[in-house]
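User: Could you go through this structure with me? I have a few quick questions.

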Number of protein chains: 2
Amino acid sequence: LTLNKQVVLLVGGVGGAKLAYGLAKIVPPERLTIIVNTADDFWHYGLRICPDLDTVMYTLANRVNTANGWGVDGDTRAMLEMMRDYGEDPWFGLGDKDIATHLLRTQAWQEGQTLTQITQRLTKGLGIACTILPMTDAPVATIVDTVEQGELGFQDYFVRHRWQPTLRGLRLDGIEAATVSPEVEAALKAADTIIIGPSNPWLSINPIVSVPGMRELIEAQNVARVAVTPIVAGTAIKGPAAKIMGELRLEVTVKTVVEYYATLINGFVYDERDEDFHIDSIRKIAFDTIMDSDEKRILLAHRVLDWALGTSEGDRIR
Amino acid sequence: LTLNKQVVLLVGGVGGAKLAYGLAKIVPPERLTIIVNTADDFWHYGLRICPDLDTVMYTLANRVNTANGWGVDGDTRAMLEMMRDYGEDPWFGLGDKDIATHLLRTQAWQEGQTLTQITQRLTKGLGIACTILPMTDAPVATIVDTVEQGELGFQDYFVRHRWQPTLRGLRLDGIEAATVSPEVEAALKAADTIIIGPSNPWLSINPIVSVPGMRELIEAQNVARVAVTPIVAGTAIKGPAAKIMGELRLEVTVKTVVEYYATLINGFVYDERDEDFHIDSIRKIAFDTIMDSDEKRILLAHRVLDWALGTSEGDRIR
């Protein structure tokens, strides 16, 4: 089925990485490109850390800590222990093995390599055959405006404060200067389908499509552009999507997500636990979208692809 | 005895750190300053690593791996394992805890702090009460000219090639631009005695006294300036001192070391295993200089200090 089709997936971290894992099991690696949010990236102890890229990488390399969904399996925290001995209060979970990734990335970054080149070197090093691309080579930073603490850097909000402050706005620092990389452009133009993973629409997908030119580029592709719901039965499987929707005074429903994506997509996969809904000009289908095992990741990837590429029994979108 | 005397010690890494440890046990911390060779420092995986400063720090903090004489006690190597998974061939022993030191240093370095300030922050963090100073704040790099491989960076020569290539020359890259820091100058001017540890004269002590102005500053101090022998019974306790002396066509004797230091010192402690020797204008004394236990480190520190400060029964030098 998918042997001669080019598939592009847009994702953030943990949730999206699960669908990436499923797709990587069924799409030939030379035909799969995963475009990853980098607006969560930050500097920490002098290291350039890209949490979403790392999560996708470790997941596809079969190296992820499956209990967390992020970090390296079997990793230790000796460096962080020593930081505490130095009187530091480390709040970001840097595993010792994980640090190798950040060191190689930071060194290459300081030498002037692009994040695309760096990611290529890291993914190849971990034996990943498909292509993982940062959304842009420019540094972009999500800044979360909160009621309680004002503006916070993303990881400060997300990890240090465990997304507990009340969000009242978001901005993307550096986004005006960002550009779509030639690699991302080529992948999108060659795509036979573009899939948006079940990632946070506001925190993970919006930064990607906010890169100047990205939304237009995606919408110009006359292919199935299918999002997989991050909301199941009125809540998020993981993370702050539902909480944020409430704080933005949005109804926590699948429909809200579809309306948010608007013309970016022409197809939507919602969960069979949710009721059907009506929106003009969009095709949709319900699957079991909860990916709590490798088998279910592969099964969902299969179903989404089949439907997107128009070969399934469902409501065809091409 | 030493309660009202200012003591300055010049050292490189492991051997010198043992005498530093002994001195730190008997000299009040506010009266002890240790000036450390930084010409071994280098960049590795984007980290600024100062092997001699780290060895002295870990030793004085009671955190050193006593089997090696360097590195952090009980450290692990998970980061290096992951580097190997990335296809790297890491040849420098970076422990996971050790990395915390390099991260804090590198981050502060990138922020523009001086190595003196950074070392202050690290030593205080590890609970070290005496003062440890880098020989200079400028980056200086020992380059070893070898018969087999031409010029090698110091760690490349020392660690990667285990000091096996034949040395035919040494130069100190960056030394012309280096200056004596105000902290080093103040410590030397206040010193009641200046002790040169049993470190490698060519690789560890020469860089320190090659900082422009350093030798003159030391020699201008009208106090006991006492070196402790790095050569015992015609060889080095540890490291390449004897091998290098042979390669430089020098006799591997205590006398060669004394002649090399020349006017830098006015007193010399040789080992009781060696025969007495004659050199004009220098006082000398023989002790057991092998510091293979904490007790022997403290005992040697005591004897050297007593002799240097002129209170012992030996051949007084003031």
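The chat below goes through the contact between the chains, a few helices, the core and some salt bridges.

User: Before we start, what kind of model is this, and how is everything numbered?
Analyst: This is a predicted model, in which local features need pLDDT of at least 70 and side-chain atom pairs count only at pLDDT 80 or more, whereas totals for chains, interfaces and linings use all residues. Residues are numbered from 1 along each chain as its sequence is written, chains are lettered from A and ligands numbered from 1 in the order in which they are written, and side-chain values use heavy atoms, with hydrogens and water left out.

User: OK, how many residues does each chain bring to the contact?
Analyst: Chain B brings 29 residues and chain A brings 29 residues, where contact means heavy atoms within 4.5 Å. Between them the two chains bury about 2,500 Å², 63% of it on carbon and sulfur atoms; buried area is the accessible area (1.4 Å probe) that two parts lose on being put together, summed over both. On the chain B side, B:Met82, B:Tyr86 and B:Leu103 supply 28% of the area that chain B buries against chain A, more than any other three residues.

User: How many salt bridges between chain B and chain A?
Analyst: The count is six, a salt bridge being a side-chain nitrogen of Lys or Arg within 4 Å of a carboxyl oxygen of Asp or Glu. B:Glu88 pairs in this way with A:Arg121, with the closest N and O atoms 2.7 Å apart.

User: And which helices of chain B touch chain A?
Analyst: Those that each supply at least two residues to that side of chain B include α2 (51-60), α3 (78-85), α4 (96-110) and α5 (115-125), with helices taken as DSSP runs (H or I, at least four residues) numbered from the N terminus. Helix α4(B) gives the most, with nine residues.

User: Is α2(B) enclosed or open?
Analyst: It is largely enclosed by the rest of the structure, because 10 of the 10 residues of α2(B) are buried, where buried means under 20% relative accessible area, exposed over 50% and partly exposed in between (1.4 Å probe, protein chains only). After α2(B) comes B:Asn62, whose phi is positive, near 60°.

User: Switching to the core, which residues touch the most other members?
Analyst: In the largest nonpolar core, which has 122 residues, they are A:Ile34 and B:Ile34; such a core is a set of buried Ala, Val, Leu, Ile, Met, Phe, Trp, Tyr and Cys residues joined through side-chain atoms within 4.5 Å. Leaving aside neighbours within four places in sequence, the contacts of B:Ile34 include B:Val56 and B:Leu60, both of which are among the buried residues of α2(B).

User: What about A:Leu115?
Analyst: A:Leu115 lies in helix α5 (residues 115-125) of chain A and is buried, with a relative accessible area of 4%. Not counting residues up to four places away in sequence, A:Leu115 touches several residues, among them A:Thr38, A:Trp109 and A:Pro134.

User: Last topic: which partners does B:Lys296 have?
Analyst: B:Lys296 forms a salt bridge with B:Asp288, the closest N and O atoms being 3.0 Å apart, and the side chains of B:Asp292 and B:Lys296 also meet in a salt bridge (3.4 Å, N to O).
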